[in-house]
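Here are some notes for a colleague who is opening this structure for the first time. Please read them with the model on screen.

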Amino acid sequence: MNLFVTGTDTGVGKTYTATRLLQLWRASGVSCAGMKPICCGDRRDAELLLAAGSDGLTIEDINPVWLKTPAAPIVGSLIEKTNIHIEKMLAAFHTLQNRVEHVIVEGAGGWMVPIRRNYFMSDLAVAMKLPVLAVAYNRLGCLNHTVLTVQSVVGHGLRCAGVVLNNAQDTGDIAAVTNADILRKILDVPVLARLGEDLTEMPADWRLMLDSMID
C-alpha cells in the first residue's frame, strides 16, 4: 500500500502524521518507508521519516532532491541554478516500492506548490498514481482550504483517501470545535482525528480508511 500525504498549507502536520503512521505500521511488523521527494531548507522532515521507517535505508534513498533554500521548490531551483529532475524522484519511489510493503510519500508544502513552471506537487502525486491523504490544521479557515484541496485532488483524477485534522479541539475556538462535523457533512471522504503520540495500535477509523485502499 502506498499513500501520498499532502497539506492544505505548510506547517499543518504532514510529517507528524506520516511518521506516526509509519511507527504504527512498523510496530505491527510491517516493512515501511517514508519518502520526502523534495526537501527545501533543511532535511529535518526526511530525517524524521527515515527514523520512523524500516531499517536499511539511507537519507538519499528517501530524499533524492535537496534544495538548501527554505522556499517553494521552484524558488530554490532558480536561486541555486539547478534543475529538479522529476525522473530521479520517480525512480527513487519505484525503488522503495520494491523494498518495503508500504511507502508514504510526503509532499513539500501544499497540494499546488510549484516544482517547475508548469509542474506542481499535485503532478508528482499523479505521476506516482497514489491515493492522497490531506492534512489540515484545525482552525478558522480550515473548511475553505480543505475543500479546495480535496476538490483539486479529485479533479486531478486521484482518490482522496481521507482528511486528517491536526490540533486539539479544546481551544474554545468555535471553528476548531465544529470543523470536523462540518467537513463530514460537505465532503464524501473520511475525516480522521490526529494520531495521538501514546497510541500502540491503529485506530479503528484509520484502519478502515487504509483497508478501503486495498484492491
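1. In this predicted model, the largest pocket has a lining of 20 residues. Nearest its centre lie T10, K14, K36, D45 and G109. The space in the largest pocket comes to about 310 Å³.

2. Three elements each give at least two residues to the lining of the largest pocket: helix α1 (14-27) and the strands β3 (38-40) and β5 (102-110). Sorted by class, the lining holds 10 nonpolar, 5 polar and 5 charged residues.

3. The largest nonpolar core is made up of 71 residues. F4, L21, W25, L124, M128 and W206 have the most contacts inside this core. Helix α5 (residues 86-97) contributes the most to the core, namely 6 residues. As background, nonpolar side chains in soluble globular proteins tend to be buried together.

4. Which residues does W25 touch, leaving out those up to four places away in sequence? W25 is in contact with M1, V30, C32, H102, I104, M202 and L210. W25 is also among the residues with the most contacts inside the largest nonpolar core.

5. S122 sits in helix α6 (residues 121-128). Is S122 buried or exposed? S122 counts as buried because its relative accessible area is 0%, and the cut-off for buried is under 20%.

6. Leaving out residues up to four places away in sequence, S122 touches W111, M112 and H156. With H156, the side chain of S122 also makes a polar contact of 3.3 Å, side chain to side chain.

Note on methods
Residues numbered from 1 in each chain as written. Predicted model: local features only at pLDDT ≥ 70, side-chain atom pairs only at ≥ 80, totals over all residues. Heavy atoms only, no water. 1 Å grid on protein atoms, 1.4 Å probe; cavity = no way out; pocket = protein on both sides within 12 Å on 5 of 7 lines; lining within 4 Å. Points joined across faces, edges and corners; volume = space filled by probe spheres on them. Helix = DSSP H or I, 4+ residues; strand = E, 2+ residues; numbered from the N terminus. Nonpolar A, V, L, I, M, F, W, Y, C, P; charged D, E, K, R; others polar. Buried < 20%, exposed > 50% of the residue type's maximum accessible area, 1.4 Å probe, protein only. Polar contact = N/O pair within 3.5 Å; in protein donor to acceptor, adjacent residues only side chain to side chain. Contact = heavy atoms within 4.5 Å. Core = buried A, V, L, I, M, F, W, Y, C linked by side-chain atoms within 4.5 Å.
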